Amino acid sequence: MKTLAIIAQKGGSGKTTLAVHMAVCTALHQRKAAVIDLDPQGNAYNWNESRENGRKLDAVRGNATELAALLHQAETAGIDLAIVDTAPHSNSDAAMTAQLADLNRSARHWYTHTDAQAQVLGCSRKQVYESHAL
Ligand SMILES: Nc1ncnc2c1ncn2[C@@H]1O[C@H](COP(=O)(O)OP(=O)(O)O)[C@@H](O)[C@H]1O
Ligand SMILES: [Mg+2]
């Protein structure tokens, strides 16, 4: 299992959008994705809850101190890619999360490239929008 953490100190910079797009892309490629939502706002988790049955992905909520255990559970459950969505303005949580990740991405890098969110795993934007990711 690989772990991707999406971290940016600024709110509204596209972290959650990137996280859910990547989760859908992963599923479209017949791989198991888990979204681990560390933001108390819970937008990524709620997005998944709002999906119709049969389209739901694995998603859990938690805080940074629980992340190691949540990642362990995901790995045990056969998840291929754990995507960690984080809250802004949380230096210690961000540092803890980055330490547990294989790859860290600041949303800012993606945000300036509008296609990057969808292309990251080889999905076309069309595929992602048709899958009702948003
Ligand atoms: N690549 C993009 N192009 C245009 N709007 C975007 C893009 N990524 C995100 N947004 C929009 O920006 C807003 C904030 O995105 P969000 O993912 O919730 O940010 P964050 O999780 O960092 O707070 C949302 O309304 C979202 O639809
Ligand atoms: Mg967010």
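Predicted model: local features only at pLDDT ≥ 70, side-chain atom pairs only at ≥ 80, totals over all residues.
Biologist: Is α1 mostly covered or mostly uncovered?

Modeller: Mostly covered, since 13 of the 14 residues of α1 are buried. For the protein chain, with its 134 residues, buried residues make up 39%.

Biologist: What describes two packed helices?

Modeller: Two packed helices are described by the angle between their axes and the distance between the axes. Take α1, residues 15-28, and α2, residues 43-50: their axes come within 9 Å and cross at roughly 45°. That angle makes α1 oblique to α2. The crossing of these two helices is right-handed.

Biologist: Which residues of α1 meet which residues of α2?

Modeller: From α1 come Thr16, Ala19 and Val20; from α2 come Asn43, Ala44 and Trp47. Four residues of this contact are nonpolar, two are polar and none is charged.

Biologist: At what angle do the axes of α3 and α4 cross?

Modeller: Helix α3 covers residues 67-76 and helix α4 covers residues 91-100; their axes cross at roughly 30° and come within 10 Å. The crossing of α3 and α4 is right-handed. In the contact, Leu67, Ala68 and Leu71 of α3 meet Met96, Thr97 and Leu100 of α4. The residues there divide into five nonpolar, one polar and no charged.

Biologist: What follows α1?

Modeller: First the general idea. Most residues other than glycine have a negative phi. Now the case here: α1 is followed by glutamine 30, whose phi is positive, near 55°. Glutamine 30 has this positive phi although it is not a glycine. Its place is in the loop between α1 and β2, the latter being residues 33-37.

Biologist: Is glutamine 30 buried or exposed?

Modeller: The number of other C-beta atoms within 10 Å decides, and a residue with 12 or fewer counts as exposed. Glutamine 30 has 7, so it is exposed.

Biologist: How does arginine 31 count, with its C-beta neighbours inside 10 Å?

Modeller: Arginine 31 is also found in the loop between α1 and β2. Because it has 13 C-beta neighbours inside 10 Å, arginine 31 counts as partly exposed. Leaving aside residues up to four places away in sequence, arginine 31 touches Thr26, Asp80 and Leu81. Arginine 31 and isoleucine 79 are 48 residues apart in sequence, yet 7.8 Å apart in space, C-alpha to C-alpha.

Biologist: Where is leucine 81 found?

Modeller: Leucine 81 is in strand β4, which runs over residues 81-85. With 23 other C-beta atoms within 10 Å, leucine 81 is buried. Beyond residues up to four places away in sequence, leucine 81 touches Lys2, Leu4, Thr26, Arg31 and Ala33. Leucine 71 lies ten residues from leucine 81 in sequence and 10.0 Å from it in space, C-alpha to C-alpha.

Biologist: What pattern does the protein chain follow along the sequence?

Modeller: The pattern is β-α-β-α-β-α-β-α-β-α-α-α. The chain has seven helices and five strands.

Biologist: Among contacts between residues at least 6 apart in sequence, what percentage join residues at least 24 apart?

Modeller: In the protein chain, 77% of those contacts do.

Technical notes: Residues numbered from 1 in each chain as written. Chains lettered and ligands numbered in written order. Axes fitted to C-alpha atoms, helices over the stretch in contact; angles between N-to-C directions. Helix = DSSP H or I, 4+ residues; strand = E, 2+ residues; numbered from the N terminus. Parallel < 35°, antiparallel > 145°, perpendicular 65-115°, else oblique. Left-handed = near helix turned anticlockwise from the far one by under 90°. Contact = placed C-beta atoms within 7 Å. Nonpolar A, V, L, I, M, F, W, Y, C, P; charged D, E, K, R; others polar. Buried ≥ 20, exposed ≤ 12 C-beta atoms within 10 Å, placed from the backbone.
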